[in-house]
Each structure stands twice: as C-alpha cells, then as structure tokens.
Amino acid sequence: MLNKSKKDLLNMELIEDRYFEEGNWGLKIRQTLAVLFSWIILIYPILVAINSSTSKPFWDFIFHWSFAEGRVFEHIVFSVLLKGGLGVILISTMFLIHNNYMEEHVFAKKKLYNEFQAENRTKVLNEIYTARFGKQEFRESIQYYIVAPEQNLPNHLIEEEFKKKGC
C-alpha cells in the first residue's frame, strides 16, 4: 500500500472536482439546476421555431406565432447565420494567410531558439545516452535493441542534468 506522501503526490497530478466527490449535495443540486436551466434556455427557442413552422402548432404548451411571423423570423435568422458564417470564413482565411506568411517568410529566416544553449543541451543528452545505451555509432547502427529496466531514464533526469550543466 502506498504511504500518505506518495498517495498525495499521485493525487496532485489529477484534476479534482467537488461535484463528483461524496457529499456536497448543495453544490450538486445548484449546479444541476443551473445546467438544466441553461439547456432550457438553449432548447426553447428551437422548439418555438419548430412549433411555429406550420399554421397549426405541434405542441400546445409551447408558444406559437403566426405563419407569416414565422417566415419573417426564418429570414432574419437565415440572414444573421449567413452574415456570421461569411464573417467567420473571411476572418479564418485572413488568419490562415497571415500564419502561412509568417511561417514561410519570418520564421524560416529567423532562429527562434538559443543556438549556444541548444548545442550544450545536445552535448548533455549525448553524454546521458552514451552512459546508458553505448556510443553514438553503436546506437545509430543497431537495428534491434532491448532496453534493460535499469537503463530506463528516471523522471526528471534530463531536466536535472540541464540544470547541473547550466543549460
């Protein structure tokens, strides 16, 4: 069985939600009612539009407007959705063109990393790999290799080595 400190460390990596814990009935009732109310707010206008799409209502307990009013509403909704869709397409296309330009002309010519630090980190990684898995020529020429359990890299080894070497 895990001791308390290891269990706490494992739980720190998980997302906790009081809604799904035992108890907390006030929170569960409040959040459930808020979600149900939100769904009603979202679904009711759709039901009104469906109920008003014909001259006779489907459901008597849901609002029904006249057929002429329904047609005007449908035209307004269609116009808003069309304009909004065209706006989203236009803005998305502008962002795509800008992103492609930045990748091809700006980022391709400019290095976004510290060359000296990258070179030092590559050396540190090669030292670690050579100590664990053998020389670089061997590692690159081998076709099949089984890593022994003691050769596995412990957690945070690479970050710790980078900190020790100052890179």
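UniProt positions are given here in the numbering of this chain, with feature names shortened, and such annotations may be inferred rather than shown by experiment. The model is predicted, so to speak of local features requires pLDDT of at least 70 and side-chain atom pairs count only at pLDDT 80 or more, while totals for chains, interfaces and linings use all residues. Numbering starts from 1 along each chain as its sequence is written, and side-chain values use heavy atoms, leaving out hydrogens and water.

The unreviewed UniProt entry annotates residues 33-52 and 72-97 as "transmembrane region". Residues 33-52 are 95% helix and 0% strand, with end C-alpha atoms 28 Å apart; residues 72-97 are 100% helix and 0% strand, and their end C-alpha atoms lie 38 Å apart. Helices are DSSP runs (H or I, at least four residues) and strands likewise (E, at least two), numbered from the N terminus.

An automatic or database assignment sets the domain bounds: domain 1 spans 1-109 and domain 2 spans 115-165. Their C-alpha centres are 46 Å apart.

Helix H4 (residues 115-133) packs on helix H6 (residues 157-165) at about 125°, the axes being 10 Å apart. Axes are lines fitted to C-alpha atoms over the stretch in contact, and angles run from 0 to 180 degrees between N-to-C directions.
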